Amino acid sequence: MTTNTEFQNVAEDLEWRGALYNATPGATHALATEKITCYIGFDPTASSLHIGNLLPIMGLVRLQQYGHTPIALVGGGTGMIGDPGGRSEERTLMAIDEIDANVAAIRLQLEPFLDFEAVSNPARMVNNADWLRQTSLLPFLRDVGKHFTVNSMMGRDSVKDRFTRDNGISFTEFSYQLLQAYDFMMLYEKYGVNFQAGGSDQWGNILGGVDLIRRIHRADSEGRPRAHGIAYPLVVNASGEKFGKSIGGAPTLDPKQTSPYKLYQFFLNVADADAIPYVKLFTMLNQVQIGGLAEAVSEEPQKREAQRALAEEVVRTIHGQGGLDQALKVTRAFFGGDISGLSADEMEDVLDDSSVTEVNRDQLSGEGIRFSELAVSAGAGKSGGDVKRTIQQGGMYLNGEQIEDAGRLVGVEDLVEGRLLVIRRGRKNYSLVKLAE
RNA sequence: GCAGGGAUUGGGGAGUGGUUAAACCCAGCAGACUGUAAAUCUGCCGCUUGACGGCUUCGCAGGUUCGAAUCCUGCUCCCUGCACCA
C-alpha cells in the first residue's frame, strides 16, 4: 500500500479520483478541518460482497488513511426489510438465519481492508440488527415517523416508479428509508458518527438521515449541521454499462465463488478507456504512479500496464499476495499456452467451485464417457448439441488438446496425474473434472 | 364486476391455418483479426442426429381441421377504460 502525501485532505483526494459525486453543504470543509467518523452500510443480500461494493469499501479505507474513523455497518436489521432502491419488483423477504449468515460472511470480508487496531482512529464494525430488531413500533412512529412526510417520501426516485407499477410497493419496503435514517441517528447518538457515505443511489437515504439528525438534534452551537453525507458515483464502463456486469453476475470477493484468477482476469480485461479511471477508484496508487500508468496506456496500450497494475492491486488487496501469486501463475500457464506447467493441485485450487465437477471412476473405466456428455456435465456446454457445435467451430479442448469429435471417448488414461480432466471452451473458459474418491 | 387489449424461443419484437423451430434486433457462444483490447467479419444460438431426419415448443387445458403460434371454448395472469367501494 502506498502512502499518499499529495493531497491536503481526503476530500481533495476523492475528488481527484472521481470518487466524489455529491456532498452535503459543508461536508468537504468538515473533512478537511476535522476528524470525523463516517459509516457506510452493506446489505446482507448475498453471502459475499461483490466488486460493486469495492468503491464504498475503498472510500472507508481512504477516510481512515487520512485520520478519520471508519465504521462498516452490516445491515442485519435493514436486511429484514430490503432496500426498494432500483428494483422494479417487491423483494422476497429473506429468512433471518440466512441474513445472519450473510452478515457474518460479509464482516469477515470487510475486516482485511480496515485497521481495527489503529490508536487514534480504529475502525469499527456494527450491525444494525442490534437496535433495529428490538425497536418497538409505537415509539418509532412517534419519535421517528413524525419527522417524515409521506409526500416527500413518495418523491424519492428509489420508490417513484414503483407507484406506477401493478405490483406497487408494500408498506414494508416503503418504510425502508425511515430505517436507514434512523440508523444514521442511532450511530450518531451511540458512536458519534457524523458522516454517512454511500453510492449515489443511496443519496436520498443519506439525506434522510442527515435531515432526521438535524430535526432532532438541531444544528450545533455555531449553526453548522451536525451530520453530513457524501456519495460516490455510479461506476459505469466506457460503453455505459454498470461496472461489474459480467456473465453469471458480478465477480465476488469470495475466493470460493470467484477465484483470485478470475478476479484478476476480470480487471486485466478492462477496456483501455476504463483502466485509468478504475485504477483511481479502486487502488491506493498515488497521483505520480497513476500518471505514469496513464502515459503507458496512451503510448503502448497493448502492454496494458494500467490493467495489470489494476488487477494486481485489487487482487492483492482482496486475496493477499498469495492469492495474487496464484492468479499470476495460472494466468501465465493458461495464456502461455501450456497448462502442463500446472500441477493437478494447482489447477484445482485456482478454479472456483462453480467450474469444478466430479466424476466417478466407473464412468471413466471400460469404454469411457463421450466427450460431449462429459463437457455438459462439467458445465462447459448447455447441451450435447451446444458442445457439438462448439467442437465444429474448433472451440473445445481436453487437457489442452483440441477435440474434433464429440463422440471421442474419455477414459481413465486421459486423467492428468490420474485424477483430473481439464476442459477448455474457447480461449479462456476452463472447467475441471475431478475424479471422486 | 363490465367493456376493450394482450400473453411468442434469455430480453425486445414479427408472425393470423400449411413453404414456421418460428423474421428482425439485442444479449450470449465459437472462430478470424488483434493487445487475453475495442471495432469489424464469419458461423452458431429449443432438444436430438455424423447427416437426411426425428422430437418438443408460441400463458394453461380442451376442441375444430388432413394440418394451428395462427380458428373455437374454458381457465390463469397482465394492461386499459368504466363501475363498485370511498
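Mentor: One aromatic cluster is formed by F243, F266, F267, Y278 and F282. Rings of Phe, Tyr and Trp (its six-membered ring) pair here if their centres lie within 6.5 Å; planes under 30 degrees apart count as stacked, over 60 as edge-to-face and the rest as tilted. The model is predicted, so local features need pLDDT of at least 70 and side-chain atom pairs count only at pLDDT 80 or more, while totals for chains, interfaces and linings use all residues. Residues are numbered from 1 along each chain as its sequence is written, chains are lettered from A and ligands numbered from 1 in the order in which they are written, and side-chain values use heavy atoms, with hydrogens and water left out.

Ten aromatic pairs turn up in a search of the whole structure. One of them joins F243 and F267, with 6.2 Å between the centres and 40 degrees between the planes, which counts as tilted. F243 sits in the loop between strand 6 (228-232) and helix 12 (260-268), and F267 in helix 12, so this pair ties together parts that are 24 residues apart in sequence. Helices (H or I, at least four residues) and strands (E, at least two) are DSSP runs, numbered from the N terminus. F243 and F267 are both buried; buried means under 20% relative accessible area, exposed over 50%, and partly exposed in between (1.4 Å probe, protein chains only). F266 and F267 make an edge-to-face pair because their ring centres are 5.1 Å apart and their planes at 90 degrees. F267 has a relative accessible area of 0%, and F266, with 18%, is buried as well.

For R424 over the ring of Y397, the distance to the centre is 3.9 Å.

Y397 and R424 are also bridge partners, R424 being in strand 12. L398 has E401 of strand 10 as its bridge partner. These strands belong to an open sheet of five strands in the order 7-13-12-9-10, with mixed pairing. Its edges are strand 7 (356-359) and strand 10 (401-402), each of which pairs on one side only. Strand 12 (residues 420-425) has five of its six residues buried. Six antiparallel bridges link strand 12 to strand 13 (residues 429-435), where L432 stands opposite V422. Three residues separate the strands of this hairpin, and G426 takes a positive phi near 70 degrees.

As for the layout, chain A has domain 1 (10-232), domain 2 (236-336) and domain 3 (349-435), with bounds from an automatic or database domain assignment. The C-alpha centres of domain 1 and domain 3 are 47 Å apart. Chain A has 19 helices and 13 strands, and 50% of its 437 residues count as buried.

Terms used: Lys NZ or Arg CZ within 6 Å of the ring centre and 35° of its normal. Pairing = 2+ DSSP bridges.
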